[in-house]
Amino acid sequence: MTELAYDVVVIGAGPVGENVADRVVQGGLTAAIVERELVGGECSYWACMPTKALLRSGSALRAARQVPGAREAVTGDLDAAAVLARRDSIVANWRDDGQVSWLESAGIALHRGHGRLSAAKVVEVTDADGATTTLTARHAVVVATGSGSRMPDIPGLRAAAPWSSREAAAATSIPRRLAIIGGGVVATEMATAYAALGSSVTVLARDGVLPSVERFAAEQVTQSLREAGVSLHVDAEAVSVHRDDAGTVHVDTSQGERVEADEVLVAIGRTPNTQDIGLDTVGLTPGDWLTVDDTMRVVDGGDWLYAAGDINRRALLTHQGKYQARAVGDVIVARAKGEKVDDGRWGRHVATADERAVPQVVFTDPEIAAVGLTAAAAEAAGLRTRVVDYNLGAVAGATLHADDYQGQARMVVDEDRKVIVGVTFVGPDVAELIHAATVAIVGEVPLNRLWHAVPAYPTVSEVWLRLLEAYGR
């Protein structure tokens, strides 16, 4: 057994863990990171990057078909093999050499293997050969092991070898028929991608399509999916699943229907990767989400244990996890050096944006880009609000962007403070609009000042002026 000591030990080398370790090292401490799979984690190989690669080709083709001149140049459908090959290239063919090289250049020690807590500030790493290395942290251990796909207890499901989001992202061929259980972001994005790639897609959306976004946005995506040939069964629940000897999957629904497919994707949520990381050795419960304070220190975990990213369930998005990671790395350094901790609202060592300023893009057709509170969430939070809607297709930039551009924008205003607390865009290519809204919400920019942020003409961003005009000066 090998024994080593570092100032900080991070379990999990996904984008969150990497950012924690990087901030720690930049702050003058030593850091080791433990990873049992690929350095770069879920986002790099089985989530954000490969799924968006699968979606991008279809998005580009649809965009070309919406503009005369380009439309006439399009002579065929997507080349599925080429799309998959580009996806493979983007994930470096599931090799992490480049990520490992970056760790080395950043001065971060990598230990490959399964990391488990064995005592306070102690992590045992078991490698593929069964050899064990004991890592002792002088100051902190950070859990950044992320989350995995939740698999429900539907009779026959596990025996049918279902896809999780990983298999959908890494598929080597396109199934002729794909059934999807779930109606959220993963479900709708993969329905969009696989329908464009030639699959006959059926979605069983028990809780509706994209239930957490503004209804007008979800309705546009629902209509678009149906126009793309996706069979949507809203309020339908899978009650049993069976794969027969010929390989066909049969999914029986609560509505008395039977769906037949070649593959079934389960996309109903996430579960924390804490089942086998030794939480019981420090008084915590394996399999639980880790509750943290605003500096990401684990509640009831002692003053040395932190959790960042999906694992703390504050905001299950890669960019929010990386945001948390920067705060975690910096606060660990501050506490190690006896420096003042800036843990007030919007302070350097907290993740205040997790509360009411989380941006997200759903890369369906059309895209949904949102940040902050929906109108319903703002009302539930007790805010006195005014909701302003505007037809995104009426903006000059949208007219140029595509023929018959269909979209909508919504601005939710806190009437007592005269600041924006929520924005939602739905329409082609709205993803790049959302950061301006994020800045306005985080900066709590008064509406009177926003009048002086003049959008360039003719761009789709002119919608900001139109929203302000609709609100009234």
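User: At 63% relative accessibility, how does Asp404 count, as buried or exposed?

Analyst: Buried means under 20% relative accessible area, exposed over 50%, and partly exposed in between, with a 1.4 Å probe and protein chains only. Asp404 has 63% relative accessibility, so Asp404 counts as exposed. The model is predicted, so local features need pLDDT of at least 70 and side-chain atom pairs count only at pLDDT 80 or more, while totals for chains, interfaces and linings use all residues. Residues are numbered from 1 along each chain as its sequence is written, and side-chain values use heavy atoms, with hydrogens and water left out.

User: Where is Asp404 found, and what is its phi?

Analyst: Most residues other than glycine have a negative phi. Asp404 is not a glycine, yet its phi is positive, about 55°. Asp404 is found in the loop between α12 (396-401) and β20 (408-414). These labels come from DSSP runs numbered from the N terminus: helices are H or I with at least four residues, strands are E with at least two.

User: Which value of phi does Leu210 have, and is Leu210 buried or exposed?

Analyst: Leu210 also is not a glycine and has a positive phi, of about 45°. Its loop runs between β9 and α8. At 2% relative accessibility, Leu210 counts as buried.

User: What is the omega of the bond from Tyr457 to Pro458, and where is Pro458 found?

Analyst: The bond from Tyr457 to Pro458 is cis, and its omega is near 0°. Pro458 belongs to the loop between α14 (447-450) and α15 (463-471).

User: Now a strand. Why is β8 largely enclosed by the rest of the structure?

Analyst: Five of the five residues of β8 (residues 177-181) are buried, so the strand is largely enclosed by the rest of the structure.

User: Which residues point one way from β8, and which the other way?

Analyst: Arg177, Ala179 and Ile181 point one way. Leu178 and Ile180 point the other way, and all are buried.

User: How many bridges join β8 to β9?

Analyst: Strands of a sheet pair through backbone hydrogen bonds, either parallel or antiparallel. Two strands pair if DSSP finds at least two bridges between them. Here five bridges join β8 to β9 (residues 200-205), and these strands run parallel. Within this pairing, Arg177 has Ser200 of β9 as its bridge partner.

User: How many bridges does β8 have with β14, and in which sense do they pair?

Analyst: β8 pairs with β14 (residues 263-266) over four bridges, in the parallel sense. Leu178 stands opposite Glu263 of β14. Ala179 has Val264 of β14 as its bridge partner.

User: In what order do the four strands of the open sheet stand, and which are the edge strands?

Analyst: The order is β10-β9-β8-β14, and the pairing is parallel. The edge strands are β10 (231-234) and β14, each of which pairs on one side only. In this order β8 stands between β9 and β14.
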